[in-house]
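Visitor: Please show the model and take me through its interfaces.

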Amino acid sequence: MPAAQRVIELLVCALAQSARQLETTVFDRCVLVCSNAPTRRVRADLDPLAQLILDRSGVQLRSLELICGDETSCAVVLSRLRAELEPGDEPVLLCAVDSLVDIHTMAQANLHKRLRTETNGDGFIPGEAAACVLVTTSPSPTASRVAGLGVAHEPATILDTRPHDARGMTNAARAALAEAGWRFADLDLWLADLGGEQYEFNEIALCCARLPTERCPSIALWHPSEYFGSVGVAAGPAAWMLATQASRGGWAPGRRLLCSSTAAAGARSIVLLEAPTAEPPSERLDPVPRWAW
Amino acid sequence: MNTGTPASVREEVVRQHAEEAAFLAQLRDQTTRSPVATTDTLARLDARLDAHCEGLRNAGALGWEIAQPAWATRLPGECFAALRLAFELREWDRVEQALAPLELLDDADPDTFEQLDACVMALAWLPPTNAIEIGNWWLNQADPLRWSLGLATLLEHRIDPGAQLLRGLAHPAAWTRAVARRGAALLGLPAEASASEDPCARVRLFANLGRLRQQGTSPETCEALIDLGPACPRYGDLACAIGFSGLSAARVDAAIQRIFAGDPQHHRLAHVGAVGVGDPIYIPWMIEGLANPNYGLAASYGLSALTGLDPDARGLICGPPTSDGQPEYLEEPDLDCAWLEPAATQAWWAETASEFSPGRRVMFGRPLPDALRLTLIAGPQRLRALAAWRLGLLRPGAIFAYDAPVARQRRWLTHLRATGAST
């Protein structure tokens, strides 16, 4: 099955799961973000696509908007939705879907020695995913709050020969931190869409060196693509979901989380999340045995 | 709870969750007795185990289907995964399905103990309030298997089962008698009936531990514990260390000689036991033992456990003794330990010996008995077990559950820290 068809299948699965989680089958508004690569983009007209989703998953999307972009597009959409939504507005379902398990994408990456193979360790592992997040203005004790958001451009891209000083990522992070009113030292965790390429790790390291204005402890770095591969456009929302889940489960190192996205063409985005507090274990109130100590 | 299979679940991923959960359960069980693993190590394993169990749970019916055949093979880790999943799915039918293969277990088969121990580990994961409810429910059942598991559930959560304990002490099944004896010792409850003639070594071992808690230290009971060590691989190290701790110097020497007169496979128990004594006079003897392939690792453990030595930081680590390029060691329980290089360790001891006084007992480099509470908080698992039991010999109350899920242990330990143990 070609990637363009598989992304539809992935989308149907993610929407069905979202509907189950949220206990609803109708969404008033849905923004769907997919890759702008010709072989990976969602190539259906919107009305037939909404009908197909209804038929396959039982989820009704009353209004569907399709955006073809890159890895940072979800952050851009999130930024737009934050500006658009007024208190009391209906929530918007933001869906992202992508598949890098695509012969054209992999051939192109291999050409530039960006694909991880038996002979090239400095490359990414292709993956595919669909992820849906609900964007709402109503605060919830189980949801993350977007505290800051920054988007910038990196002139020295991965295919460029210019010196790479992580200017784009640093500028995006500075903008997001300024909006949130946080210092770099306040952050507890960095969730990056690192696919395994040295360039990206260098970028994080350089950014960490440039950002702080004071001495600060090291920050934990998670890269979920270690587990599910590089998932392109879907990496951003997948990281936001992981951040929220980790915090609710009590296994995140803290509540102030930074999620970064990197596009090959140079776009960079940073989303700062204030994650919910950990759910108290139900047994916290259980009696403590009378230990012999 | 909906236990149907979500459409997006992939069988090969769920199968991997089942395999990993079973493997990690077994690894965790061994780690609770590890000479080097701390609560941090155990916490990491708990998190991984929880994640795989969550994966199985989220897979709904498919998760159960995959965990169920694994249960039929009856490896302990698989028993754990299936029973824990059955409880987490909150469907009593599944619990009954999970218990069905246990009906066929042969009490004389040594594997039976391992499989039932794995079930108890799954029961230890239940939230305490649920465990009390389920334990009491099972104790009202006529079926011997469910009754035994009910008793084990309560005791694992340190709940006094009252008069049911006496029934457990005289139960026809050896595993149940061992559970009851262990429970009585853990809670410090009297168990009048003698177990010296019991054919099961584990029953006799816990009977002796219970006697020590009830009647105080007696050399005969301590020696009996040491003699039972080789027969109980799971609790042998603990039994020897506690046994040695209650003996005079002359009796310790005699016990060491008795161990060395026996099977070479068990010679390591002499070094493990000497940790219980805590006297630095045994350190030169331990250094001599480092070069021995049979018990060199146990001697390394003994040295670290007594002095708090960090071999990595001191650069004292070397490879195991080899014969024709192949390592020639037998002592599997100590494989996590680092081999200490004898000459370098000797030199280190020459510099350090003045910090220790012969006859002044220590654990992890600190004087006893204060070291017991500190070790319980921050020591390696094998020493934590010893510290918990030795505290139980000094004070009334339940023996600390050093093998419980770490999140729960940490909550309990905050109470111990609050009493000033860490200062």
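**Interfaces within and between chains**

Guide: In this predicted model, the rule finds two salt bridges across the interface of domain 1 of chain B and domain 2 of chain B.

Visitor: Which residue forms a salt bridge with Arg234(B)?

Guide: A salt bridge requires a side-chain nitrogen of Lys or Arg within 4 Å of a carboxyl oxygen of Asp or Glu. For Arg234(B), the closest N and O atoms of the pair are 2.8 Å apart, and the partner is Asp29(B).

Visitor: Which helices of chain B each supply at least two residues of the side of domain 1 that touches domain 2?

Guide: That side has 13 nonpolar, six polar and eight charged residues by class. The helices of chain B that each supply at least two of its residues are helix 1 (11-31), helix 2 (39-58), helix 6 (110-124) and helix 10 (174-187).

Visitor: How much area do domain 1 and domain 2 of chain B bury between them?

Guide: Domain 1 spans 11-187 and domain 2 spans 217-408. In contact are 27 residues of domain 1 of chain B and 26 residues of domain 2 of chain B. Of the area buried between the two domains, 53% is on carbon and sulfur atoms, and the total is about 2,100 Å².

Visitor: How many salt bridges does the rule find across the interface of chain A and chain B?

Guide: Here twelve residues of chain A contact 24 residues of chain B. The two chains bury about 1,700 Å² between them, 60% of it on carbon and sulfur atoms. The side of chain A that touches chain B includes five charged residues. Across this interface, the number of salt bridges found is zero.

Notes:
Residues numbered from 1 in each chain as written. Chains lettered and ligands numbered in written order. Predicted model: local features only at pLDDT ≥ 70, side-chain atom pairs only at ≥ 80, totals over all residues. Heavy atoms only, no water. Contact = heavy atoms within 4.5 Å. Buried area = accessible area lost by both parts, 1.4 Å probe. Nonpolar A, V, L, I, M, F, W, Y, C, P; charged D, E, K, R; others polar. Domains from an automatic or database assignment. Helix = DSSP H or I, 4+ residues; strand = E, 2+ residues; numbered from the N terminus.
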